[in-house]
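Hi,

Here is the structure I said I would pass on. Have a look at it first, and then read on for what turned up.

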Amino acid sequence: MTSLAVRDDPGSVLATTLDELETLSRFDAGTAAERAEAAVTAARELGRPDLEHRARLVCADLLRRRGAVAEAGRTAQEVHRWATEVHDRHLLARSSFVLTAVFQEVGDLAGALEHAVVSVDLLGDDDLPALRVDHLVRLADVLGLSRDPAAPERYTAVLRLAEGLGDVDRQLRILNNRAYTDTLAGRFEDALAHSTRLQELADAAGVPLDVGRLDTVARALMGLDRLAEAEAALLPGLAPEVLDASSDGDAGADFLLTLAEVQRRRGDVAAARRTLAECLRRCEENGLTSIRVRARAEQAELHAAAGDFRAAFEEHKRHVHELVEQQSAQRDARARALQAMYETTEARRQSRRWRELSLRDPLTGLYNRRHVDDELPRLLAAPATAEELVVVALLDLDHFKRVNDTCSHAVGDEVLRTVAGLLQDTPLRGATSFAARLGGEEFVLVLAGTDADRAAAHLEEVRRAVAEHPWAPLTGGLPVTISIGAAGTGEVTDRTPAQLLGLADARLYRAKRAGRDRVVVAG
C-alpha cells in the first residue's frame, strides 16, 4: 500500500522525471526542453520550489548549449543563492554543475574549476551514479582544458565508474573528451591511445561515431603526422546523414576544416579547396564566425601551397584582421555575459537588503510590526504538537516615561537599545524565536517550537536580565524593569495572531496591575 501511495504522489512522480532529465547523456536528445519546461510548471503548481529549481537548472543547461550563456548563468546563480539560503545540498551541487559550464563558456577557467570542485564535493551517496559520473567528467574537462596534470588521473577514475555502470554513451564521451584535451596539451600519443579505445568501443557497441568524435580521432593522428590515417578516419563523416546530423551546433563546419587541413598537408590541394569551400558555405549559412576566421588561415595556407604567395599574404592579413575583431567581440560578449549575471545578483542582493531594512526598527535594530504581521501568521499556520507551541509574549518597560522625563529622550533611546540587545542575547535553545519592537516602549517576543514550561522559564530569564542589568551609569540610579504577558497556541481554539496577541495583552495588563516587573503566562 505504501509503495502504491508513493507511485501515485505527484511530487514523487515529478522527482522521478527530474532524475531522468538530470541524467540524460545528451540534453539535445528528444523532447528534453519541452519536458523540462513542463516540469517547471508542474512543480510550481504543486508548491514545490525545490523541484521547480531542479527543473529550471535543466532548462538552463539546455539554454547554455543553444548559446544563451548569460541567461543560463543568471538562472543557475538564482538557484544557487536559493539553495544556499535553505541548505539544499542537491541543488547546490547541480547549480554549481551548470555554473561550471557557464564559466567555461565565457573563458573563466578558474571560476569553472571552483564550481566544478564544489559540484563534486556536494554529491551524496544517495545521488544517482550517472549523476556522479557527469559531475566528475565536467571536473576532468575543466582540468584538461586548463592543462592541469591531474586531468588524466581524473579521466581514468571516472571512466572506471562509467564502465562499472555499463554506460557506453558516457564511456564514449569520456574517451573523446580525454583524447581532445590530450591533443590540446600536445600529448598526441596519449590522444591516439584514447581515440583508438573510443573507436573500438563504438564498433563493439554498434554506435557510429558522430563528426565531432571523428574529428578528435583525426586530430590525434594529425599530431603524429599520420595524415593518410587521419583522412581515412574522417571519410565516414562525409556521408550527408552523418555530416548534417552534427550535434555540436556547427553544421559539420569544424569537421570539414580539419579535413581540408589534412588534404592540404597530404598535397591534395584541389580536394582541400573543395572541402574548404563547403566549410565556408556552412559558416556563412549558419553565422559561424569563429570557424570562418580559422578557415581564412587555412585558405592562406592553400594559396601558399599553390605557389600564389601574394594571395596567401592578402588572405593572411584578412585572417589577422578578423581574428582581432573576433577576439574583441568575444571579450565584449564575455564581459556582457558576466555583467548580466552579476548585475542580476547585485540587484537581488540590494533588493533583499532594502526589504530587510523595511522590516527593521531603525532605533533598536529589532524587527518591526511589519515583520510580525508577515511572520507570525506563517508560524501559526504550520502544524504543531502539544510540545511544539508558538508562544507570543508582549513586553512593556515599566515607568518608561519617568526615564524620558528625568534623564532625557536620548537616554530613553539608549535604554530601549539596551533592552533590545538583552532580548537578543538570551535566545531560547532548541526553538525558533524572534524579537520585535511594536512601538514606543512595547516589544514582542515570539517563541516557536517550545513547550509552556520552557517558554515561561525563558521569559522569566529575560525579565531578570533586564532587572539585574547595571542601569545606574546610564539612568542615574533609576531602575529599569519590564512586565510581560504571554499566551501560547495550546490555550486557544483559533490559532490566529489576533487571538494570541489579545490574550497576551490582557495578561500584560494583569502584570502591570499586580505590581509590574513580573511575568504572567496563565490564568
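This is a predicted model: local features need pLDDT of at least 70, side-chain atom pairs count only at pLDDT 80 or more; totals for chains, interfaces and linings use all residues.

Let's start with a salt bridge: Asp405 and Lys401 form one, with their closest N and O atoms 2.7 Å apart. By salt bridge I mean a side-chain nitrogen of Lys or Arg within 4 Å of a carboxyl oxygen of Asp or Glu. Both residues belong to helix H20 (residues 400-407), and being four residues apart they are separated by about one helical turn. Asp405 is exposed, and so is Lys401; exposed is over 50% relative accessible area, buried is under 20%, and partly exposed is in between (1.4 Å probe, protein chains only).

Residues are numbered from 1 along each chain as its sequence is written, and side-chain values use heavy atoms, with hydrogens and water left out.

Glu285 counts as exposed at 57% relative accessibility, whereas Arg281 is partly exposed, with a relative accessible area of 40%.

Now for a pair in another setting: Lys512 forms a salt bridge with Asp396, the closest N and O atoms being 2.8 Å apart. This one links distant parts of the chain, with Lys512 in helix H24 and Asp396 in strand S1, 116 residues apart. Are the two buried or exposed? Lys512 is buried, and so is Asp396.

That brings us to S1 itself (residues 389-397), where nine of nine residues are buried. Leu389, Val391, Ala393, Leu395 and Leu397 point one way from the strand, and Val390, Val392, Leu394 and Asp396 point the other way. S1 runs antiparallel to strand S3 (residues 442-450), with eight bridges joining them; strands count as paired if DSSP finds at least two bridges between them. Leu389 has Thr450 as its bridge partner in S3. S1 also pairs in the antiparallel sense with strand S4 (residues 482-488), over seven bridges, and there Leu395 stands opposite Ile484.

Helix H19 (residues 369-381) is worth a look too. Its 13 residues reach 19 Å from first C-alpha to last, close to the 18 Å expected at 1.5 Å a residue. His371, Val372, Glu375, Leu376, Leu379 and Leu380 are its buried residues, and what covers them includes S1, strand S2 (432-439), S3 and helix H24 (497-513). At the start of H19, a side-chain oxygen of Asn368 reaches to within 3.1 Å of the backbone nitrogen of Arg370.

For the overall picture, the protein chain comes to 24 helices and five strands; these are DSSP runs numbered from the N terminus, helices being H or I of at least four residues and strands E of at least two. Of its 523 residues, 46% are buried.

Cheers

Methods. The expected span of a helix is 1.5 Å times one less than its number of residues. Contact means heavy atoms within 4.5 Å. A polar contact is a pair of N or O atoms within 3.5 Å; within protein, one must be able to donate a hydrogen and the other to accept it, and residues adjacent in sequence count only if both atoms are side-chain atoms.
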